[in-house]
Amino acid sequence: MTKGRVSRIGSYAIASSVRERSPCISCTTFNILAPIYKRLNQDDSCRESDYRGFWLTRNRKILDWLLEERSSIICLQEFWVGNEELVSLYEKRLGDAGYLTFQLARTNNRGDGLLMAVHKDYFRVVNHRNLLFNDCGDRVAQLLHVELNDPFSQSRSSNSHQDMLIVNTHLLFPHNSSLSLVRLQQVYKILQHVESYQKEHNLSPMPVILCGDWNGSKRGHIYEFLRSQGFVSSYDTAHQYTDADAHKWVSHRNHRGNICGVDFIWLLNPNSYRKLLKTSWSEAVFGMFKYLLRRASLTEYDAFAFLKADDNSHYVTFTSFCEALRQLNLTGHCYGLGVQEVKDLWDQADADGNGFLDFDDFLLRVWNASCSEQNTDDTADVEETVSKKEETIGFSVKNAVLFPSEVEKGMWPENYSLSDHARLTVVFSPVRMPCSPMIS
């Protein structure tokens with residue numbers, strides 16, 4: 001395959017890519033549309049779950065395609081955990097094909113959940129963790145700590161690590177703009193969990209792959225939040241797409257009939273520079289804050305006036321800051337910012353700790369927070385430390401394919417009925433790289 005080009009050899013190009021280019025691993029993420037949500041008529045009075053023959057036939061086809069593709073990692077969303085027959089079907093067929101499976105139901109008996117499967121030929125499972133958000137959407141996430149197996153033994157050495165973390169999730173759907181904060185909090189909790197897991201087990205930096213239905217596009221706050229933490233969109237990397245190319249692919253036709261690109265496989269390599277997690281979180285929330293004010297046609301001067309204690313004041317205080325967040329609907333309800341989260345935001349804004357913000361402070365640390373550059377000295381320190389660290393294994397993106405193929409051109413095929421989401425599969429190739437310390 002020519003460098004910088006992506007294979008287009010049919011719907012099973014990825015499977016052949018893995019077999020021909022060993023050692024490689026592949027990862028598939030797919031929202032398989034739970035039968036309890038699949039509508040069979042316009043007025044929403046009939047669901048597929050009422051007709052065993054319908055959901056059984058569709059899910060058998062999904063399994064046929066997954067097993068034909070033979071991905072090393074499979075991450076499914078909207079898996080119907082509430083139906084024992086369907087659960088048994090997936091466990092048996094995936095188990096017979098050599099996969100270890102892990103499932104997780106959403107909280108409050110929502111009926112659906114997540115399924116992860118990793119192939120025993122490629123991985124040894126070190127640990128498995130469940131993350132319950134316990135929020136208004138009853139969303140959850142799975143974390144697998146795995147070690148790469150024999151196919152990679154030729155690249156092993158006494159001081160190289162071949163562990164990796166894999167996360168599967170399905171974020172809340174943005175039914176209205178007030179839920180954008182909840183979705184951002186869900187991602188923050190995932191990254192906090194990944195970070196704390198590595199600290200708890202005293203692990204060296206390792207590759208992290210985040211899979212799932214993110215219910216948000218490249219234009220959203222979550223995309224920028226993840227990028228600030230060093231993650232890259234594998235599909236966009238494979239196709240050399242930039243932010244301006246967001247319209248070139250889609251992966252979902254939602255219940256409103258809109259088509260959008262929401263399914264991602266994110267990759268974080270051990271040597272990726274990233275900001276402090278709490279800093280990235282604050283910048284993401286301030287970005288949301290700025291978006292809400294700009295939507296109201298407020299300039300930075302208007303925004304500062306909105307934040308001030310009163311018309312005669314030249315400063316923003318913690319009290320006036322909290323009141324502004326409340327008026328923007330970012331606090332004051334069950335899914336708004338918590339007390340500690342607001343305090344963390346204020347600490348980020350009031351970096352010098354004098355208890356107030358003048359206009360210059362506001363511009364630097366709130367209005368333009370997400371545009372701040374990384375510190376040159378910090379980068380030098382990281383590079384110096386990296387040179388003294390042992391090597392580890394990271395990944396390069398070799399190929400990425402969405403199916404059905406029409407979605408790669410920004411179109412949704414009317415004859416596609418397997419799900420309301422496309423299937424995304426990415427091939428990764430292991431590469432040696434210096435081990436970078438966690439920035440925390």
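Predicted model: local features only at pLDDT ≥ 70, side-chain atom pairs only at ≥ 80, totals over all residues.

Residues are numbered from 1 along each chain as its sequence is written, and side-chain values use heavy atoms, with hydrogens and water left out.

**Pockets and cavities**

On a 1 Å grid over the protein atoms alone, a cavity is a set of points where a 1.4 Å probe fits but cannot get out, while a pocket is an open set with protein on both sides within 12 Å along at least five of seven lines; lining residues have an atom within 4 Å of a point. Grid points are joined across faces, edges and corners, and a volume is the space filled by probe spheres set on the points. In the classes tabulated below, Ala, Val, Leu, Ile, Met, Phe, Trp, Tyr, Cys and Pro count as nonpolar, Asp, Glu, Lys and Arg as charged, and the others, Gly among them, as polar.

| Space | Volume | Lining by class |
|---|---|---|
| Largest pocket | about 970 Å³ | 9 nonpolar, 14 polar, 13 charged |
| Second largest pocket | about 600 Å³ | 14 nonpolar, 11 polar, 4 charged |
| Second largest cavity | about 40 Å³ | 2 nonpolar, 2 polar, 3 charged |

The largest pocket, with about 970 Å³ of space, is lined by 36 residues, of which L33, Y37, R39, H255 and D420 are the closest to its centre. In the second largest pocket, which has 29 lining residues, P174, S180, R183, G216 and G220 lie nearest the centre. Helix 4 (180-200), helix 5 (221-228), strand 12 (263-268) and helix 7 (277-295) each give at least two residues to the lining of the second largest pocket, where helices (H or I, at least four residues) and strands (E, at least two) are DSSP runs numbered from the N terminus. Domain 1 (25-279 + 390-434) and domain 2 (281-366) each contribute at least three residues to that lining, the domain bounds coming from an automatic or database domain assignment.

The whole structure holds 3 cavities of 30 Å³ or more, and the second largest cavity is lined by R106, D112, G113, L114, R139, V140 and H170.

**Sheet and helices**

An open sheet of 6 strands has the order 5-6-7-8-12-9 with mixed pairing, two strands being paired if DSSP finds at least two bridges between them. Strand 5 (123-132) and strand 9 (232-233) are the edge strands, each pairing on one side only. Strand 5 runs antiparallel to strand 6 (residues 140-148), to which 9 bridges join it, and V125 has V146 in strand 6 as its bridge partner. Helix 4 packs on the sheet, touching strand 5, strand 6, strand 7 (163-170) and strand 8 (208-213), and its direction makes about 130 degrees with that of strand 5. Helix 5 also packs on the sheet, where it touches strand 8, strand 9 and strand 12, at about 15 degrees to the direction of strand 12. Contact here means heavy atoms within 4.5 Å; axes are lines fitted to C-alpha atoms, for helices over the stretch in contact, and angles run from 0 to 180 degrees between N-to-C directions.

**Backbone details**

Most residues other than glycine have a negative phi, and most peptide bonds are trans. N134, in the loop between strand 5 and strand 6, has a positive phi near 50 degrees. The peptide bond from F403 to P404 is cis, with omega near 5 degrees, and P404 is found in the loop between strand 15 (391-403) and strand 16 (423-434).
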